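Subject: Structure for you to look at

Hello,

Here is the structure I said I would pass on. Please open it beside this message and follow along.

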Amino acid sequence: MSPVSVRKGTVLQEAGARATHYYWIASGVARRGHISVAGEDLTLGFITEGENTGSHTDMMGGLQGEPAREFFVAETAVDAWRIDWAAMQRHKAEHGFVHEYYLKIIECSIRRYAANLQIRSHTSAEARLEAFRSQFPGLEQRITQRALASYLGITTQYMSRLRRTA
């Protein structure tokens, strides 16, 4: 593990490159996304204090030399701990407490995935925005309108209209 501080816009994991590290966020917000078949930058979610970046699938694929499908980028300035995935896997096999930590990481990821699915299950943009605000209070003020619009599956222009009427 090593401490890192990065500026807004810094890529923490690049789609198409082998994923070898993940980050435990101490402060700031990171955005999780992927590039669609059409070449669009799509936001899948946000990682904040006390959460980990890194796609489990990409990390496991990285051990086999496969490229990551997802990217993580600092949505704000971020202070984090950079953790080597291969070392984590070795320590997990050797130490019970590391295995317990690993299980907590997976549990947190499953909860975050479920929250994202619940938000995206709403059929209207208004309902998705309201669900986002309810699930992640205060996060809207910390991220760009563009990132939130991408997450909600709407244009930035429509996002502006929703914000004005809310």
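Predicted model: local features only at pLDDT ≥ 70, side-chain atom pairs only at ≥ 80, totals over all residues.

Salt bridges

Side chains of opposite charge can pair when their charged atoms come close. In this structure there are 10 salt bridges. I will go through three of these pairs and one network.

One of them joins the side chains of Glu 70 and Arg 32, with 2.4 Å from N to O. Glu 70 sits in strand β6 (residues 70-74) and Arg 32 in strand β4 (residues 30-35), so the pair links distant parts of the chain, 38 residues apart. Is Glu 70 buried or exposed? Its relative accessible area is 15%, and buried means under 20%, so Glu 70 counts as buried.

Another salt bridge is found between Arg 111 and Glu 107, where the closest N and O atoms are 2.8 Å apart. Both residues belong to helix α3 (residues 96-120) and are four residues apart, which is about one turn of the helix. Glu 107 is partly exposed, at 38% relative accessible area.

A further pair is Arg 163 with Glu 140, whose side chains meet at 2.9 Å, N to O. Arg 163 is in helix α6 (residues 156-165), while Glu 140 is in the loop between α4 (125-135) and α5 (145-152); the pair therefore ties together parts that are 23 residues apart in sequence. Arg 163 is partly exposed, with a relative accessible area of 27%, whereas Glu 140 is buried at 7%.

Salt bridges with shared partners also join Arg 31, Asp 41, Glu 75 and Arg 146 into one network.

Pockets

Rolling a probe the size of a water molecule over the atoms shows where empty space is left.

The largest pocket has a volume of about 540 Å³. Which of its 27 lining residues are closest to its centre? They are Arg 32, Ser 55, His 56, Glu 70 and Tyr 113. Two or more lining residues come from each of β5 (41-47), α1 (56-63) and α3. The largest share is that of α3, with 10 residues. By class, the lining has 12 nonpolar, nine polar and six charged residues.

The second largest pocket has a volume of about 160 Å³. Its lining is made up of Glu 40, Asp 41, Leu 42, Arg 146, Ala 149, Ser 150, Ile 154, Thr 155 and Thr 156. Asp 41 and Arg 146 also belong to the salt-bridge network. β5 and α5 each supply at least two of the lining residues, and α5 gives the most, with three. The lining divides into three nonpolar, three polar and three charged residues.

Helix α5

How many of the eight residues of α5 are buried? Six are, so this helix is mostly covered. The buried ones are Ala 147, Leu 148, Ala 149, Ser 150, Tyr 151 and Leu 152. Of these, Ala 149 and Ser 150 also line the second largest pocket. The elements that cover the buried residues include β4, β5, α3, α4 and α6. After α5 comes Gly 153, with a positive phi near 80 degrees.

Regards

Terms used: Residues numbered from 1 in each chain as written. Heavy atoms only, no water. Salt bridge = Lys/Arg side-chain N within 4 Å of Asp/Glu carboxyl O. Buried < 20%, exposed > 50% of the residue type's maximum accessible area, 1.4 Å probe, protein only. 1 Å grid on protein atoms, 1.4 Å probe; cavity = no way out; pocket = protein on both sides within 12 Å on 5 of 7 lines; lining within 4 Å. Points joined across faces, edges and corners; volume = space filled by probe spheres on them. Nonpolar A, V, L, I, M, F, W, Y, C, P; charged D, E, K, R; others polar. Contact = heavy atoms within 4.5 Å.
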